[in-house]
Amino acid sequence: MRFLSRRLIHAVLVLFGVSILTFLFTSLAPGDYFDEMRLNPQIAPETVVALRAQYQLDRPLPVRYARWLNSVVHGDLGYSFSYNSPVGPLLWVRARNTLFLTVTATLLSWGLALPLGVWSAERLGGLPDSLISWMMAGLMAVPDLALALGLLLFAARSGWFPTGGLASLGFESLSPINELRDLTLHMFLPVAVLVLTALPLLVRHVRAAMAGVLHAPFLRAAQGHGIPRRRLLYRYALPAAANPLISLFGFSIGALLSGSLLVEVVMSWPGIGPLLVEAILSRDLYVVVGGVLLSTLFLVVGNFVADVFLYWADPRIRAGPVAK
Amino acid sequence: MASILEVRNLHVAYFSRTGVASSAIVDVSFSVRPGEILGVLGESGSGKSTLAASLLRLLPASGNIQQGSILFEGRDVLQADPRELESIRGRRIALIDQEPSVALHPTMRVGDQIGEVLAAHEYLDKKVRRERVRQILEALFPAETERISSSYPHQLSGGQRQRVLIAQAIACGPSMVVADEPTASLDPTTQREILSVFQSLRQKFGLAIILITHNPSLLAGLADRVLVLYAGSVAEIGPTDSVLSSPLHPYTRALLRCLPPPLCGADEANRKTKLPVIAGDSPNPAWLFPGCRFEPRCKDRFETCREREPAAVSLSEGHTVSCFKFGG
Amino acid sequence: MQPLIQVEYLVKRYSSRGVLGSGEVVSALNEVSFSVAPGKTLALVGASGSGKSTLALCLACLERSTSGRIWFEGRDIAALDEKQLRAVRPQIQLVFQDPASSLNPRFTALEIVTEPLLVQRKWGTREMHERALALLERIGLSRGMASRRTGEFSGGQRQRLAIARALSLAPKLLILDEALSSLDCSVQAQIANLLLELQSSFVLTYLFITHDLAMAAHLGDEIAVMNRGRIVEQGVPEKVLGAPSHEATRGLVAATPGSIVTPRMPGGL
């Protein structure tokens, strides 16, 4: 348990650090939300000053940070200037959508990468292996954006998939089955882009990790005991190869998350991505801080989940460092 | 009594990536009777591990059994399809591999690893299986069955791991166990313990055991017969006492002379004197010449030794040697 | 004669961290004392886990002892700091059990032997090569083999190479930690002979750690038996092994099957 509690404390410290840094950097950037108003001759300079005072932008940085921390405790996460509402509730809805996308993509890409990588490693150098390797190399060479645009074009031309948004009009009136169908169709494009960009790296790692253990003596010993082939691969080899893969799992969540921010903007998925872009452009300070912090939180949680997996999977880590 | 294992004219070769073959086992024939302990004595490069792997068809992809037959309980192992092999391995013949430290799965509990072997061969209710695992472990660890069962391999000592490997091997009640250097990494006390476990397994279950080792002193008092392997072929085979105390083949004789004097014979005069050695280099697996493989290092060689390989000559009861000195 | 190395009350404790971080102390060495005269061999035997390897590491200054003294040529090397040790280290060399894992397979034989010389920066390239080649020849590897990579050598040749590397800095004490254990019997005999030759030509002192009692009795001027971090018995091999007084020694002797095999050489054949 020491291992996990240490990781947890670590995670909280990271979140703190990130919040301070984003706060610092956003306030170092010149100008703020109200600067454009100043150029507008119809708004009196006094009004701008009053607004800034109202939102406490005239206060020194530490004070603003302290007040923001206080609002975090209340779940508000500060106040959005452009939406004129607390950031918290604004973010939650978007976060749910992003999470929906990322989790689906993570599960799907690992669900594909594991069998593909295992299959590839089992026939190292054979036809399936080279075929998969070439396909993955090809996928890796295509930039995310090109892939996303290509799929969008395909969707627009074929009309098989909606090209944006989360749900069709009149979603509420659909039966549960159709609701699910509608959601799947809407998710298909963004998830496909995410999975396809994440897949090559994952398959390669699974293949390398598996290839590393396939010649391990304990596998031969198990084979000598007559353990069936499939069980050898998935019950014996895969867990032994899992440690680096579990760490990769943590990273992959991060990668898929940052990938999804881009994909959301391109495919107009109502997640954190578009919100963050909009907020950065209009210097909606607290939304930026909240969005960044939320992404960090996902990342940290992802890594923590990976650590929990690792702890659960490897008894040697559970035992902790022991001197000889 | 009828043999349980009958190996006839076995030839095994390895192929390099460029397709160059090097033979590891050349024309090996022997048999094992039920409940017999056959010691296979061989140094590195003798092909002893290849022999062990061949018996269960566990050679790496580069290895290839070129000819011969391996009849086990009347079935030709070389003709078996993958499914049949899976049902023979572990259930009828079990392999105990060299290094106990790496032959166990690092992240699976010991009890589960034994359960896996059971599950691979018969369908058992979970509860029944757990009980069977407990019984098997109890036989090998009477004092601490529970603790060992729930341990991971890294928590055990070398001797304990070796016992776990034995437990796995006997889990399904096979009729033969092939043990490849089972005690090489253990200290003498533990070594003795493990060897006596083998002995009692033979007594209790009538298990036939092929014990492969490079150390002749392990076989004395344990093996019924000894097969001496040199460069992939059988130098001599015979009853243990006869092979170890009056060896016939020049290689066996030279090998036994290399050992430091036994403890009871140690005295000051001999101490720190040079030990007799076998001249020349270890055998080269890419050997291409006709003739006896030990010839280049042999003190007693004649002309004929270079021309063809000696055939096996049966001298006394069950003692067979492949050397021209004896008429080969 | 003044001993080359004299160990007095050497103690080594490890603390393993428990679940709550509280330390559980394990004594690996418990007041170990012995001495070895120059040019002699002390054979150290004992079951695994008896502290033999820990002792080797402490003597080679690769592990710090907890307390006690290690007098080496009149200096207490256990008390020296890292900088002072640099002058002592070349004098005490260690050869391990598994030559395959202690030699980098990508290095050639020549590179293996010149590596320790390079670190010392005392010699020119030419001189280093000459010294290394002479040493390789001395341990039985021909000049032609010097450019081969270690991966191409057999187990016995690799162990020869490991010995050559240890000898390259002209040490006085060689600690052989199970140096013969992973070798075939016929190769063991060759390496044992090599060790004897080297000892008499370079006046080397050996600490020969092994579980092979017969080899210990053959190579050792004295035998010390370790049990649970202590030396429980020490003396000439005939006495220690012939009339063991400690339980641990008796156990070891009983477990040694060597006494059963007495190869009678048929004279007529």
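**View 1. A:Thr102 sits in helix α5 (residues 87–122) of chain A.** Helices (H or I, at least four residues) and strands (E, at least two) are DSSP runs, numbered from the N terminus. The model is predicted: local features need pLDDT of at least 70, side-chain atom pairs count only at pLDDT 80 or more, and totals for chains, interfaces and linings use all residues. Residues are numbered from 1 along each chain as its sequence is written, chains are lettered from A and ligands numbered from 1 in the order in which they are written, and side-chain values use heavy atoms, with hydrogens and water left out. A:Thr102 counts as buried because its relative accessibility is 3%. Buried means under 20% relative accessible area, exposed over 50%, and partly exposed in between (1.4 Å probe, protein chains only). Not counting residues up to four places away in sequence, A:Thr102 touches A:Ile253, A:Leu256, A:Leu257 and A:Ser260. Contact means heavy atoms within 4.5 Å.

**View 2. Chain C meets chain B.** In this interface, 43 residues of chain C are in contact with 45 residues of chain B. About 3,800 Å² is buried between the two chains, and carbon and sulfur atoms give 63% of that area. Buried area is the accessible area (1.4 Å probe) that two parts lose on being put together, summed over both. Between chain C and chain B there are 14 residue pairs in polar contact, both residues at pLDDT 80 or more. A polar contact is a pair of N or O atoms within 3.5 Å; within protein, one must be able to donate a hydrogen and the other to accept it, and residues adjacent in sequence count only if both atoms are side-chain atoms. On the side of chain C that touches chain B, the elements giving two or more residues are α7 (185–202), α8 (213–219), α9 (237–242) and α10 (247–255) of chain C. Helix α7(C) supplies the largest share, 10 residues. By class, this side of chain C has 24 nonpolar, 14 polar and five charged residues. Ala, Val, Leu, Ile, Met, Phe, Trp, Tyr, Cys and Pro count as nonpolar, Asp, Glu, Lys and Arg as charged, and the others, Gly among them, as polar.

**View 3. B:Lys274 and C:Glu197 form a salt bridge.** A salt bridge is a side-chain nitrogen of Lys or Arg within 4 Å of a carboxyl oxygen of Asp or Glu. Here the N to O distance is 3.2 Å. The pair crosses between chains: B:Lys274 is in the loop between α10 and α11 (304–307) of chain B, and C:Glu197 is in helix α7 of chain C. B:Lys274 counts as partly exposed because its relative accessibility is 48%. C:Glu197 also counts as partly exposed, at 30%. The count between chain C and chain B is three salt bridges.

**View 4. A:Arg220 and B:Asp97 form a salt bridge.** Their closest N and O atoms are 3.2 Å apart. This pair also crosses between chains, from A:Arg220 in helix α9 (residues 217–224) of chain A to B:Asp97 in the loop between β6 (93–96) and α3 (110–121) of chain B. A:Arg220 counts as partly exposed, with 25% relative accessibility. B:Asp97 is buried, with a relative accessible area of 11%.

**View 5. C:Glu178 and C:Lys52 form a salt bridge within chain C.** The closest N and O atoms are 3.6 Å apart. The pair links distant parts of the chain, 126 residues apart: C:Glu178 lies in the loop between β7 (173–177) and α7 of chain C, and C:Lys52 in helix α1 (residues 52–59) of chain C. Both C:Glu178 and C:Lys52 are buried. Over all chains, a search of the whole structure finds 32 salt bridges.

**View 6. Aromatic rings pair in chains A and B.** Over all chains, the structure holds 10 aromatic pairs. Rings of Phe, Tyr and Trp (its six-membered ring) pair if their centres lie within 6.5 Å; planes under 30 degrees apart count as stacked, over 60 as edge-to-face and the rest as tilted. A:Phe249 and A:Phe309 form a tilted pair, 5.8 Å centre to centre, with 55° between the planes. A:Phe249 is in helix α10 (residues 229–266) of chain A and A:Phe309 in helix α12 (residues 285–313) of chain A, 60 residues apart. A:Phe249 counts as buried, at 16% relative accessibility, whereas A:Phe309 counts as partly exposed, at 36%. B:Tyr230 and B:Tyr251 are also tilted, 4.5 Å centre to centre, with 50° between the planes. Both B:Tyr230 and B:Tyr251 are buried.
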